Amino acid sequence: MTQVPLRPAVAALPAYVPGGRSPVGAAAFKLSSNENPFPPLPSVVAAIIDGAMDVNRYPDMYATELTEAIASRWGVPAASLVVGNGSIAVLGHVLAAVVDAGDEVVYPWRSFDAYPIAVAVAGGIGVPVPVTDDGRLDLVAMAAAVTPRTRVVLVCTPNNPTGPAVHADELSDFLAAVPRDVLVVLDEAYVEFVRDPLAADALAVFAGQPNVVVLRTFSKAYGLAGLRVGFAIARPRLASGIRATSTPFGVSHVAQLAAIASLRAADELLARVDAIVAERGRMLAGLRGQGWSVPDSQANFVWLPLGDRAVSFATAATEAGVIVRPFAGDGVRVSVGETEATDVLLEFAATFRH
Ligand SMILES: *Cc1c(COP(=O)(O)O)cnc(C)c1O
């Protein structure tokens, strides 16, 4: 029978695999999606309830008040900001603005699952560059992978799922090696969790480098994963191109109000981030103390390079009461959540052959 053909690039897409959820009725800690374990602050819930009264109306398409709040918090002009429906969506808009059919997009691998999908959907050709054995981006190899067909390089810092952050000196050498008409996207979904003094300062880099776009999100440190708010910081000309490809009214009124309330409560939320960072230290030290080899983590998760045993580890961990995220044949990512969840994870990890 004759059928409507899918685009070959779409038919061949790997599915985005969400972190596992607890089976109904079972009690397990969900450490599989890098979510913030803290529930929303009362002030944020109040903003959400307030926003509920207006859902018969379209939201402010330009998220004006939220854009102003972001601009003043991070000291960037509003014309440089594009707010969208989570930074995954914003990345899609960035690629839609600059990638033409057959253009190459270089990205690290293993890295964020959404990258190969977003690149293929945009019509680009993905050029994955392996991370090093200690889970770091190999920026020298990534620069060497740039060809005259390359339009974009994706730099995930800290890298999801392996954990380390890109260092300032590595990034500056990399940017010096990449042509100025190649867009470099610095995906900083976890920037608030970074404590490595050598880590690159993306906003400072952005200030001096017109071909850099920074992606940020409210999903992780700000605890709004369920409401989908992310943004790009780009030169105004690029920002208008990204805006042009964005879904109209992509960020709901409720989400805009919640993000504004979260910025008002930034001190409280960043104190929670400090607690998660401390918990990360306890998880890393506990695992290393058991003899696990775990790369540095500057994010809210840790990476266990389990190779072929990734899936069996994850299955057994679920039975022990923690849901983690396996990447078959490669490793397991464990999000940092509740203190009790770390206890269960460490108790289980001690019993697993390593
Ligand atoms: C979680 C994450 C994002 C943010 O996604 P949202 O769409 O904003 O929820 C972006 N990049 C990376 C690498 C991530 O891990």
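Residues are numbered from 1 along each chain as its sequence is written. The model is predicted, so local features need pLDDT of at least 70 and side-chain atom pairs count only at pLDDT 80 or more, while totals for chains, interfaces and linings use all residues, and side-chain values use heavy atoms, with hydrogens and water left out.

I start with the ligand. It is surrounded by 13 residues, and the closest are Tyr 190, Thr 217, Ser 219, Lys 220 and Arg 228; a residue is near the ligand if one of its heavy atoms lies within 4 Å of it. For polar contacts, the cut-off is a pair of N or O atoms within 3.5 Å. Ser 219 places a polar side-chain atom 2.6 Å from an oxygen atom of the ligand. Arg 228 also has a polar side-chain atom 2.6 Å from a ligand oxygen atom. From Ile 88, a backbone N or O atom lies 3.0 Å from an oxygen atom of the ligand. The ligand taken alone exposes 390 Å², and the protein buries 94% of that, with areas from the Shrake-Rupley method and a 1.4 Å probe.

Back to Arg 228. Its phi is positive, about 65 degrees, although it is not a glycine. Arg 228 sits in the loop between strand 7 (212-217) and strand 8 (230-233); strands here are DSSP runs of E, at least two residues, and helices are runs of H or I, at least four, numbered from the N terminus.

Next, the cis peptide bonds. One joins Thr 157 and Pro 158, with omega about -5 degrees. Another runs from Asn 160 to Pro 161, with omega near 15 degrees. Pro 158 is in the loop between strand 5 (150-156) and helix 7 (168-177), and Pro 161 is also in the loop between strand 5 and helix 7. As background, most residues other than glycine have a negative phi, and most peptide bonds are trans.

Now helix packing. Helix 4 (residues 87-98) and helix 9 (residues 236-245) pack at about 110 degrees with axes 8 Å apart; axes are lines fitted to C-alpha atoms over the stretch in contact, and angles run from 0 to 180 degrees between N-to-C directions. That makes helix 4 roughly perpendicular to helix 9, a label covering 65 to 115 degrees, whereas angles under 35 degrees count as roughly parallel.

The other pair is helix 11 (residues 266-289) and helix 13 (residues 339-351), whose axes come within 10 Å and cross at roughly 10 degrees. Helix 11 is therefore roughly parallel to helix 13.

Notes: Parallel < 35°, antiparallel > 145°, perpendicular 65-115°, else oblique. Polar contact = N/O pair within 3.5 Å; in protein donor to acceptor, adjacent residues only side chain to side chain.
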